[in-house]
Every structure is written in C-alpha cells, then in structure tokens.
Amino acid sequence: MGYVAVKAGEELIERAEELFEKQRLDGDTDPVAVEQLDEQLGRLVDRAAGEGGLYAPRLAALAVKQAQGDTVEAAFLLQAYRSTLERWEETDPVSPDEMDARRRVSPAYKDVPGGQMLGATKDYTRRLLEFDLLEEDDPAVPGVGQEGVAPTAADGERLELTNVMDLLRDRGLVREPPGDPPEEPADTTREPVTHPPGRDEVLQELARGETGAITALGYSSLRGYGQVHPTLAEVRVGRLPVRVEHPYTGEPVRVTDATVTECEAVVPVFEKREQPAFAFGYGLTFGRNERKAIGMSVLDASIQLDSEAEPAENPEFVLDTVDGLDSFGFIEHLKLPHYVTFQSILDRIESIRERGGPAEPAADEQGGEADD
Amino acid sequence: MTEPGRGEPESPTGHRPEAEDTDDGDRTDGPAPASVDAAMEAFGEGGLAGYSYAYLDEHTKREVRRTMLSAVAIPGHQVPYASRPMPLARGWGTGGIQASLSLLGPEDVFKVIDQGSDESVNAANIRRLAADTADVDTTTDTTEADVIQTRHRIPEEVLTDEQVLVLQVPITDPLRTVDPSDAANRRRHAHANYGKMWLRLYESVAQHGEIDIGARYPVMVAGRYLMDPSPIPRWDVPKLDDADALFLFAAGREARIYAVPPHTAVEPLAFEDRGFTVERFDDRPCDVCGSTDTYRTEVDTGDGEVRLVCNDVSFCRKRQQRPGLPTDHHLDDPADAGEGGESA
C-alpha cells in the first residue's frame with residue numbers, strides 16, 4: 001500500500017518542521033533577536049500586528065521570526081494565539097483627537113491648524129540602494145528626535161491637532177454615513193458577519209485585512225473599477241491611549257498606548273442635486289502602515305456606495321476577499337491531496353466523452369467547481 | 001458519544017451529569033461550571049500546557065455546540081457561528097477541528113481521515129492537535145471511533161447511532177456555483193427557490209446528455225433545504241440517506257455549520273429520465289483487496305499501468321485479512337458496534 005498513502009504521517013511532519021527550522025539556522029550568522037526585529041524591521045512587525053488584530057509588539061516580532069518573515073503566516077500565528085485568550089475587559093472608546101501624533105499630513109489643505117508634520121518618512125527620498133548599509137558596524141544615530149517635530153504651543157504644552165474633517169463638518173459639508181451608529185460595536189471575531197454588514201463590521205474586517213489585498217482593491221477603485229477617488233483629509237501616525245474602567249473606582253485608567261495609523265478621506269457626492277456634499281472614508285490600523293490605512297479609507301467610502309457595479313463597492317466581494325487568513329489558507333489548501341474528487345470528475349469527463357458529446361472540455365466550464 | 005441533539009448544551013457530549021464523581025477531578029463533567037475561573041481551573045490539567053482543554057476556551061466550545069444543536073434542529077440549513085482562528089490554516093479543516101474539539105471528551109476515541117486515508121500528513125496533523133490538546137485516544141479503525149473527522153469521504157463501514165461523522169467543508173452553499181453572493185443565496189434558501197440549480201443541471205443535460213457534476217453533488221435534505229454534502233464523491237451520497245449516525249458539516253473559513261441528523265431523508269437532485277449516478281469502475285476490483293463495492297481511486301504506478309485501489313485505507317486493510325468482509329460486519333455483534341473505549 002506504500003503508493004497509496006504516506007506512512008507514519010506524524011513522523012514526516014516533524015521532520016519537515018525540523019527541516020524548516022534548519023533553513024533558518026543553517027547560515028553562519030547569529031540568530032536574530034526579537035528585539036532587533038521590533039526595532040529595526042518595525043514595519044514588518046507592525047504589518048503582522050495589524051493583520052493579526054493583536055497589539056503586542058513583542059509577540060508580533062516573535063511571530064515574524066517564527067514565520068521567517070512571512071507576514072501573513074505571522075498574522076496567522078497571532079490570530080490563532082489571540083483566539084485562545086479569555087476576553088476580560090473592553091477598552092473605553094478613544095477619540096483620535098487625543099493622538100500623540102508623530103506624523104500628520106493633510107493633502108486637502110495647504111496649511112491646517114496644528115500644522116503639517118512630516119515626521120519620520122521616506123516618502124520624498126530618492127529610492128536608491130544605500131550600499132553603506134551593507135557594512136554598518138557603528139552607525140551614527142541622527143540627532144533629530146521625533147519629539148523635535150511635535151507642535152507645541154508657546155507655553156510648551158502639546159497642541160491637540162484639530163481634526164481636518166471637523167473643519168468641513170463645521171461648514172456643514174460632510175454627509176455622515178447612512179444609518180445610526182450602533183450602541184455597541186459588533187465584534188466580528190465573536191459574531192459572524194452576515195450580509196449586508198454594518199459599517200462597524202466592515203471597518204473591523206478591513207482593519208485586520210491583508211495589506212496587499214486592501215491596497216489592491218483600494219487601487220482598483222482609483223484605476224477605474226469604481227467611482228471613489230478621494231482627497232485625503234489627513235493621514236496620521238501616532239500613539240493612542242488605551243484606557244479601561246478601573247474595576248473598583250469605575251474611573252478610566254490609562255493602561256498603555258498603541259501605535260496606530262489613521263486616515264480620513266473625503267469623496268464628493270452629488271446625489272442631491274441642490275446639496276452636494278462630501279462623504280468620507282475611514283481607515284485605521286495598528287502600527288505604521290499608511291498604505292493600508294489609505295486603502296482602507298478608499299474601500300470604506302466605496303462600500304458606502306453599496307453597489308454591485310464594481311468589486312470595490314460590493315461589501316460582500318470586499319469582505320470575502322481581504323482576509324489574509326482565509327485567502328492564504330484556501331489558496332494553499334490546493335496543495336492537499338484531491339484524488340477522491342479528481343477521480344469523481346474524471347469519471348464525468350470520461351462518461352461524457354464516451355457519450356460522444358462535444359469534444360472540447362465543456363464540462364470544465366464551471367472552473368472545476370467540484371474539485372475542492 | 002452521545003448524540004448532541006439530545007445532550008445538554010452545557011455538557012460536553014459523551015459526559016452525562018452523573019459523572020460528577022470523577023476520581024481525579026481533573027476535568028469536570030455535567031453541569032456547567034459556576035464561573036469562567038472554575039472552568040479554567042477544572043480543565044487546567046488536561047491537554048497542552050498553556051492552553052485550555054481541547055484548545056478552545058469553554059465559551060467557544062459551548063457556542064459551537066449550540067450552533068450544532070441549531071443545525072440538527074433544521075436539517076440542511078447553514079447556521080452561522082463565529083469561527084475562531086485555529087492553529088491550522090483555513091481551508092485545511094479548521095471548521096472540522098472546531099466541531100470535533102467541541103464534542104470530544106477525554107473518554108472519546110477519535111479518528112481522522114483525509115481523502116480516505118488516516119495517514120495523510122494533514123490527517124496526522126489534525127489528529128496530533130486533538131491528541132495533544134484534548135488528551136483523547138486515537139484510532140484508525142472506523143468501528144472503534146466515537147467521533148470521526150473526515151475530508152471528502154464517508155467511510156465504507158456502516159456508521160452506528162453512537163458515532164458522529166464531522167465533515168470538513170470548503171464551500172458551504174451548493175448555490176455558490178450559480179451565484180457567488182451569500183446574501184442572495186440565503187434568500188433563495190429561505191424561499192426554497194432552487195430554480196437556478198435545476199436550470200444548471202438541465203443545461204448540463206442539454207449540453208452533454210448527462211449531469212456533469214463530480215463530487216459536491218447537491219442534495220435535498222428532508223425535502224426542504226438544498227445542501228452541499230461537501231466534496232464527497234457521489235459514491236458516498238447515498239450513505240447520508242436515512243443513516244443511523246449523525247453527520248455534522250463544519251466550515252471554518254466560511255463560518256457555517258450544518259447537519260444531517262440520523263434517519264433524515266437525503267435525496268440527490270436529478271431528473272426522472274436523467275438519474276443520479278455514482279462513479280463507475282467498470283467492474284475493476286481493488287488491486288489490493290479485490291473489493292468491487294468500495295470507492296476506488298486510480299494509482300499510476302509509473303510502470304505504465306494504472307491500477308485501481310480502495311480509497312478507504314483502513315477498511316482495505318481489514319478486507320485484505322478477511323476477504324469479503326461486509327461493510328456492516330460489526331452490526332451483527334452489538335459488542336463490536338462502535339463502543340470504542342479502547343485505543344488502537
């Protein structure tokens with residue numbers, strides 16, 4: 001029976017795992033410390049944390065290390081771990097106005113209250129390979145601290161950044177998303193999404209979405225497969241306080257901070273002829289990941305159009321395809337054996353051929369639907 | 001294994017409340033623990049260090065069991081549940097393993113097959129997860145198992161009323177082939193409006209003279225819901241009809257559970273003049289055990305010869321030792337009828 005089934009599957013799995021580990025450790029260099037990943041490959045770690053939906057930078061760095069740099073695999077490790085944790089408390093809602101911003105740009109206005117704040121970015125640098133990084137024995141740390149660019153008032157107090165959307169809201173130019181916001185937001189990790197989804201569900205799913213998928217679908221709208229081509233009110237990166245209610249005093253207590261990227265986008269709507277306005281799309285994700293936050297805001301705005309005309313505007317299409325765990329798992333499951341189903345469809349093909357039906361493989365027109 | 005349809009939702013199946021006087025107290029049975037703390041303490045000793053007994057926390061297992069009860073109550077109807085991210089990739093049996101882990105207790109015997117084989121690496125991986133976290137005994141013998149998790153097959157040996165078959169499901173809705181929208185398809189199910197599927201079958205007959213569906217053959221359950229039986233071959237579809245065992249269909253990626261309870265009518269869609277047919281093997285027996293009444297798959301041995309061999313590897317082994325062993329051999333002797341308890 002040796003040619004039918006692999007014997008001793010457990011032993012084979014263990015050997016494959018060992019081989020995978022060996023790949024990581026076979027070279028001459030020292031193992032990478034999770035601290036190094038967290039500090040020096042922060043964007044990689046942030047991406048895993050965002051897609052994993054778990055803000056735990058050290059664990060995210062561990063996941064990236066264990067996954068040998070595959071962000072989707074790392075996010076998968078984090079989500080699987082998160083699902084085993086008991087949920088003790090929910091944090092208090094926090095306004096993005098409280099953000100301790102390290103970077104904030106507003107493409108909509110030349111100048112905004114609080115000012116443009118470039119922060120740490122490579123957006124405007126020439127993308128040239130820096131060969132100096134090949135040998136970096138004792139790098140000189142540039143002198144500019146991040147705090148150096150944060151806006152402060154004359155008395156040294158930090159300035160709270162005025163939300164650019166609020167400027168438009170004050171002028172009555174913003175059309176709020178349809179429907180009342182729910183009292184308690186849904187939690188799509190505990191309640192399955194059914195269609196049509198609420199906006200809270202859409203935003204949660206997008207926030208955990210795979211960065212590449214969010215970028216691609218958001219781009220599809222700009223590329224012409226959709227109507228949304230937004231102007232960004234602002235993009236921010238910074239830290240938000242995480243507060244929970246104290247179990248005894250009932251007072252909110254700040255327990256930690258979380259680094260997030262936030263994006264607000266405005267889209268002109270001319271639905272009411274006499275009263276055109278701006279609809280807005282929102283994006284927020286853990287860590288520094290501006291591309292994903294912007295893509296998310298495009299998709300949020302597109303989904304509010306709730307049309308089936310374009311992929312990015314169809315909430316079912318978007319939510320069914322942006323989840324990295326789902327797409328990664330199902331795409332890769334094709335590697336599993338399929339000989340039972342293959343035998344079954346083989347029987348149909350042969351039977352129809354014997355019958356003398358059309359010679360072309362018309363039976364396959366459903367895209368091999370039966371073969372999962 | 002008790003049938004979940006009759007057990008208390010709060011009680012892990014297979015453990016009746018009278019089991020309170022467990023000797024070691026490691027795992028409580030019966031009444032729900034008073035608090036999450038109590039539950040966690042009670043299960044703290046079993047399974048894998050650092051994780052709950054049977055991996056999932058007790059709230060999740062309860063939710064999954066309640067979903068199963070709803071599914072049993074409405075045969076063939078897809079019940080949504082909040083599928084958890086599991087330590088297996090989605091599409092690799094995460095729905096099945098959530099269902100299995102929610103059912104299993106430490107006394108249960110568990111069997112896992114993937115495409116008919118206990119020894120495929122994916123089956124081995126799932127079995128390892130259950131053995132490590134739920135501390136269950138495992139077996140390859142269909143008749144010994146209380147819970148069998150399977151991908152794409154129903155075992156050849158007849159299942160008894162003490163067994164549960166958990167089928168892994170990649171695509172939950174048979175209507176997906178005619179419309180990708182879940183919202184639209186849920187409406188169709190609500191109205192029992194299956195015209196599009198009938199049309200799809202009719203078009204196949206008109207074009208090819210017969211129905212071109214291989215596995216995943218659409219069936220009507222209890223005369224009401226159109227159901228995707230998961231990608232089992234057509235060969236296995238008749239086994240669902242009026243069976244003694246409970247069939248649970250669990251999808252992780254698509255977050256749905258549905259069921260065919262025991263003794264439920266399951267009828268493949270077909271026309272009077274174009275009936276439902278199973279796979280044909282042209283009377284070629286299994287090359288190993290000589291069976292002609294089992295599902296066989298082709299094996300290319302590389303020497304230019306294509307051989308047919310049994311797909312249910314475990315039963316093929318039995319047949320090699322006892323040629324002609326009937327698929328219901330264990331039913332004659334009740335002592336051998338899937339009582340389980342002993343591991344293999």
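This is a predicted model: local features need pLDDT of at least 70, side-chain atom pairs count only at pLDDT 80 or more; totals for chains, interfaces and linings use all residues.
Q: Where does A:Val34 sit, and which residues does A:Val34 touch?
A: A:Val34 lies in helix α2 (residues 34–40) of chain A. Helices (H or I, at least four residues) and strands (E, at least two) are DSSP runs, numbered from the N terminus. Setting aside residues up to four places away in sequence, A:Val34 touches A:Arg58, A:Ala61, A:Leu62 and A:Lys65; touching, or being in contact, is having C-beta atoms, placed from the backbone, within 7 Å. A:Ala63 is 29 residues from A:Val34 in sequence, and their C-alpha atoms are 9.1 Å apart.

Q: What makes helix α3 of chain A largely enclosed?
A: Helix α3 spans residues 42–52, and eight of its 11 residues are buried, so the rest of the structure largely encloses this helix. The buried ones are A:Val45, A:Asp46, A:Arg47, A:Ala48, A:Ala49, A:Gly50, A:Glu51 and A:Gly52. After α3(A) comes A:Gly53, with a positive phi near 65°.

Q: How do you know that helix α7 of chain A is largely enclosed?
A: By counting again: seven of the nine residues of α7(A) (residues 199–207) are buried, so this helix too is largely enclosed by the rest of the structure. A:Glu201, A:Val202 and A:Leu203 are among them. The buried residues of α7(A) pack against α8 (211–223), β4 (277–286), α9 (290–304) and α10 (315–321) of chain A.

Q: Which parts is chain A divided into, and what does α3(A) give to the contact of domain 1 with domain 2?
A: Chain A is divided into domain 1 (10–82), domain 2 (96–120 + 159–182 + 191–328) and domain 3 (337–364), with bounds from an automatic or database domain assignment. The centres of domains 1 and 2 of chain A, taken over C-alpha atoms, are 28 Å apart. Each of these two domains puts 13 residues into their contact. On the domain 1 side, α3(A) gives the most, with seven residues.

Q: How do the residues on that side of domain 1 of chain A divide by class?
A: They comprise five nonpolar, four polar and four charged residues. Ala, Val, Leu, Ile, Met, Phe, Trp, Tyr, Cys and Pro count as nonpolar, Asp, Glu, Lys and Arg as charged, and the others, Gly among them, as polar.

Q: What makes a set of residues a nonpolar core, and which residues have the most contacts inside the largest one?
A: A nonpolar core is a set of buried Ala, Val, Leu, Ile, Met, Phe, Trp, Tyr and Cys residues joined through C-beta atoms within 7 Å. The largest has 131 residues, and A:Ala60, A:Leu78, B:Phe247, B:Leu248 and B:Ala259 have the most contacts inside it. Another core, of seven residues, lies apart from it and includes B:Val309 and B:Cys310. Beyond its neighbours within four places in sequence, A:Leu78 is in contact with residues including A:Ala48, A:Ala49 and A:Gly52.

Q: Why are helices α2 and α3 of chain B called roughly perpendicular?
A: α2(B) (residues 58–73) and α3(B) (residues 94–103) pack at an angle of about 100°, with their axes 9 Å apart. Axes are lines fitted to C-alpha atoms, for helices over the stretch in contact, and angles run from 0 to 180 degrees between N-to-C directions. Under 35 degrees counts as roughly parallel, over 145 as roughly antiparallel, 65 to 115 as roughly perpendicular and the rest as oblique. The two helices are therefore roughly perpendicular. In this contact, B:Lys61, B:Val64, B:Arg65 and B:Met68 of α2(B) meet B:Gln98, B:Ala99, B:Leu101 and B:Ser102 of α3(B).

Q: How many residues bring chains A and B into contact?
A: 60 residues of chain B are in contact with 51 residues of chain A. α4(B) gives the most to the chain B side, with six residues.

Terms used
Residues are numbered from 1 along each chain as its sequence is written. Chains are lettered from A and ligands numbered from 1 in the order in which they are written. A residue is buried if 20 or more other C-beta atoms lie within 10 Å of its own, exposed if 12 or fewer, and partly exposed in between; C-beta atoms are placed from the backbone.
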